[in-house]
Amino acid sequence: MDKITDTEFEVLEALWEASPASANEVVERLNQAKSWHEKTVKTLLNRLVKKQCVGFDKEQRRYLYYPLIDRQHYVQQQSKGLLDKLFDGRLSPLVAGFAKTKELSRDDINSLKQLIEKWEQDHD
């Protein structure tokens with residue numbers, strides 16, 4: 001899969017939120033957070049279609065877009081790529097970095113503990 005830019009990811013997020021959607025509906029969703037130009041969104045949708053991340057159906061005079069990739073799968077793939085690139089595939093240095101800078105909240109720590117406990121139960 002071709003690399004997805006940050007702006008393309010925002011468009012995908014709007015489609016993952018609800019699809020199929022017309023370009024105008026995507027613009028409306030995106031404009032809730034910041035101002036987007038309709039032409040920009042259409043360009044991004046076309047790029048995502050070329051990258052085979054988004055599909056479309058033509059319904060009368062408009063196009064309805066929908067994601068061809070699963071959000072969870074994409075996020076996992078990107079997370080693994082980040083770990084591989086920056087931490088030789090190891091998670092602990094990433095978490096340690098957050099812990100050292102006090103970026104981990106009590107909720108984060110509890111979630112990590114639960115994940116580790118579940119992993120240990122599943123892999124005994």
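Modeller: What follows goes from the chain as a whole to the sheet and its strands. This is a predicted model, in which local features need pLDDT of at least 70, side-chain atom pairs count only at pLDDT 80 or more, and totals for chains, interfaces and linings use all residues. Residues are numbered from 1 along each chain as its sequence is written, and side-chain values use heavy atoms, with hydrogens and water left out.

The chain has six helices and three strands, where helices (H or I, at least four residues) and strands (E, at least two) are DSSP runs numbered from the N terminus. Along the sequence these elements follow the pattern α-β-α-α-β-β-α-α-α. Of the 124 residues, 23% count as buried, meaning under 20% relative accessible area with a 1.4 Å probe and protein chains only.

The three strands form an open sheet in the order 1-3-2, with antiparallel pairing. Strand 1 (21–22) and strand 2 (54–59) stand at the edges with a single partner strand each, so one side of each is left without a neighbour in the sheet. Two strands are said to pair if DSSP finds at least two bridges between them; strand 2 and strand 3 (residues 62–67) pair in the antiparallel sense over six bridges. Within this part of the sheet, Lys58 stands opposite Tyr63 in strand 3.

Methods. Buried < 20%, exposed > 50% of the residue type's maximum accessible area, 1.4 Å probe, protein only.
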